[in-house]
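Hi everyone, thanks for coming. Please bring up the model on your screens, and we'll walk through a few of its side chains together.

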Amino acid sequence: MIVTNVNDYQETLYLSAQMKELIGKALAITASNPADGRHNIDGDSAFVLISSPRTEPHEKRLAEIHQKYLAVQILLSGKEVIGYGIELTHDAADQDYLADKDIAFYKDIPNEQFVSLN
């Protein structure tokens with residue numbers, strides 16, 4: 001996991017030039033206050049998925065995984081605590097949509113860690 005700030009992500013050493021370019025394009029899309037939904041950056045290779053969810057207690061949220069896409073979370077306003085795991089789970093997903101939507105959800109992940117975003 002890499003955590004940075006939208007104001008200085010260009011200085012983050014661990015981001016490739018391509019990732020920095022994609023983040024810049026994503027931020028340009030978000031600057032126009034688009035409607036919730038999918039906004040393509042580079043066809044199916046890269047896109048922005050805008051959502052305006054309401055926060056919920058950790059106990060009500062499911063962990064998500066992806067196989068095809070890399071998820072880059074950009075918090076545009078407010079505060080959020082997100083959990084992540086660095087260990088693979090060998091349990092079956094509680095909700096598995098990997099084949100159709102490249103996402104699966106788990107109630108529990110091993111040794112979950114948390115980061116606070118502002």
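Let's start with a question: is Phe47 buried, partly exposed or exposed? Phe47 is partly exposed, because its relative accessible area is 26%, and the rule is that buried means under 20% relative accessible area, exposed over 50%, and partly exposed in between, using a 1.4 Å probe and protein chains only.

A quick word on ground rules. This is a predicted model, where local features need pLDDT of at least 70, side-chain atom pairs count only at pLDDT 80 or more, and totals for chains, interfaces and linings use all residues. Residues are numbered from 1 along each chain as its sequence is written, and side-chain values use heavy atoms, with hydrogens and water left out.

Now, the rings. Rings of Phe, Tyr and Trp (its six-membered ring) pair if their centres lie within 6.5 Å; planes under 30 degrees apart count as stacked, over 60 as edge-to-face, and the rest as tilted. That rule gives two aromatic pairs here. Strands here are DSSP runs of E with at least two residues, helices are runs of H or I with at least four, and both are numbered from the N terminus. Tyr69 is partly exposed, at 23% relative accessibility.

The other pair is Tyr97 with Phe105: their centres are 6.4 Å apart and their planes at 75°, so this pair is edge-to-face. Tyr97 is partly exposed at 38%, while Phe105 is buried at 19%.

A charge sits over a ring if NZ of Lys or CZ of Arg is within 6 Å of the ring centre and within 35 degrees of the ring normal. Arg38 lies over the face of Phe47, 3.8 Å from the ring centre, and the charged end of Lys101 sits over the ring of Tyr97, 5.9 Å from its centre.

Finally, find Asp102, in the loop between helix H2 (98–101) and strand S6 (104–106).
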